[in-house]
Amino acid sequence: MKVVLAYSGGLDTTVLLKILQEKYNAEVITLTLNLGQEKDYEEIEERALKAGSIKHYNIDARDEFVNDYVLPALKANALYQQKYPVSSAISRPLIAKKLVEVAEREGADAVAHGCTGKGNDQVRFDVTIKAINPNIKVIAPVRELGLTRDWEIEYAKKKGLPVKISESPYSIDENLWGRSIECGVLEDPYQEPPEEIFKITVNPKNAPENPEIIEITFNNGIPTKINGETMKPKELIMKLNEIGGRHGVGRIDHIEDRVVGLKSREVYEAPAALIAIEAHKDLEKMTLTTQELQFKKLVDDEWTNLVYAGLWMNPLRKALEAFINETQKRVNGEVKVKLYKGGMICVGRRSEYSIYSKELATYEAWSKFNQKMAEGFIEIWGMQTVIANKKLKIHGGS
């Protein structure tokens, strides 16, 4: 049997590489995707080959990740449970897609991943892979064999695997759109996250003493400039991560509902995601109608829930995106965001598609709004409410 393994280069996947050879009698091809992780990809390839991989793929998928996964999430203001910008969730269908592509190219019988039976990622990988190619078998050794970290460490030592065994108790996943941290003391929901777990955001108390205002330009709902400088999406996100991280912006700590029914405590760093989404939502408020905003909130939440729950391939996602993309045709303009000591606030916005009218909104004498029209509107608007209360009083209701 030939298997393509999603390979990160760490303890888990290096152990899995050897297990696939010994327990599944498989030839293993390894695949590593660069989605913005700060890693030595040549070293990862060397480690995979030393551990027994018959062939290794290193794929720089950052542009594809941003264009096809991050930007749709941004346009959908994707914040799962109003907190988590689905950074890991949107990376899994891309990894799954590449696993299938390599498997088909190499004539492999199966693909494998290192997900446990407790998390969301197993759902995201398995469903996406099966939706793309139901004929390819999915192998999940950690889930199938009930592997634990302690067992993996002993196994790696016994087999002399070429992997550095980290003493860190944390499980970390990162890409351009965010960084997630789990395990260790974080499994106590009442324990404040230790400062050591953060990497891209400074402690807010150590952030600059003066606030910084940045201007983000959007075109069809997509950020294209920072402070007037045109950037490609990938570079713009990296810049927002740098700026936001410098000001301690982007830390998230919350209790999250996993797909499998567990409550989990999750800590994230996502400066670019939180800044971009906040600015995007602010510009939408200026350019979209009340009815569009109310309905788009429902659509955005459904899009986010689908993606979080591993249903990227569900036809509903594309249908929802058709509506979202239609609304984005008017989401053009600039938003000013002030960053200071871990906080951010939109302090200015402008757009040629703005529905805001100063001539109507002003309280100055030169306002063009005819206030006398409000009296008739109020009578009609509240008519049923007034009548209903009259009837309740007559018939002894409350």
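This is a predicted model: local features need pLDDT of at least 70, side-chain atom pairs count only at pLDDT 80 or more; totals for chains, interfaces and linings use all residues.
**View 1. K55 reaches from a strand to a helix.** Here K55 and E106 form a salt bridge, with their closest N and O atoms 2.8 Å apart. The two residues belong to distant parts of the chain: K55 sits in strand 3 (residues 55-60) and E106 in helix 4 (residues 87-106), 51 residues apart. K55 is partly exposed, at 37% relative accessibility, while E106 is buried, with a relative accessible area of 17%.

**View 2. Two loops are linked by K341 and E209.** The salt bridge between K341 and E209 has its closest N and O atoms 2.9 Å apart. K341 lies in the loop between strand 13 (333-340) and strand 14 (343-350), and E209 lies in the loop between strand 7 (178-182) and strand 8 (212-219), so that this pair joins distant parts of the chain, 132 residues apart. K341 counts as partly exposed, at 22% relative accessibility.

View 3. R317 is buried at 8% relative accessibility, and E321 is buried at 14%.

View 4. Side chains of opposite charge can pair when their charged atoms come close. Across the structure, the count comes to 36 salt bridges.

**View 5. A nonpolar core gathers 74 residues.** This is the largest nonpolar core, and the members that touch the most others are V4, V86, I90, W177, L240 and W303. Helix 4 gives the most to this core, with nine residues. For a closer look at one member, follow L240: leaving aside neighbours within four places in sequence, L240 is in contact with I214, I216, I226, G245, P271, A272, I275 and A276. Another core, of 26 residues, lies apart from the largest one, and its members include L5, V15, V28 and L147.

**View 6. E269 is buried in strand 12.** Strand 12 (residues 263-269) holds E269, whose relative accessible area is 0%. The side chain of E269 makes a polar contact of 2.7 Å with the side chain of R179, and another of 2.5 Å with the side chain of T201. Beyond neighbours within four places in sequence, the contacts of E269 are G178, R179, I197, F198, K199, I200, T201 and G250.

View 7. The structure holds zero disulfides. C115 is buried, with a relative accessible area of 10%, and C183 is partly exposed, at 26% relative accessibility.

Key
Residues are numbered from 1 along each chain as its sequence is written. Side-chain values use heavy atoms; hydrogens and water are left out. A disulfide is a pair of cysteine sulfur atoms within 2.5 Å. Buried means under 20% relative accessible area, exposed over 50%, partly exposed in between (1.4 Å probe, protein chains only). A salt bridge is a side-chain nitrogen of Lys or Arg within 4 Å of a carboxyl oxygen of Asp or Glu. Helices (H or I, at least four residues) and strands (E, at least two) are DSSP runs, numbered from the N terminus. A nonpolar core is a set of buried Ala, Val, Leu, Ile, Met, Phe, Trp, Tyr and Cys residues joined through side-chain atoms within 4.5 Å. Contact means heavy atoms within 4.5 Å. A polar contact is a pair of N or O atoms within 3.5 Å; within protein, one must be able to donate a hydrogen and the other to accept it, and residues adjacent in sequence count only if both atoms are side-chain atoms.
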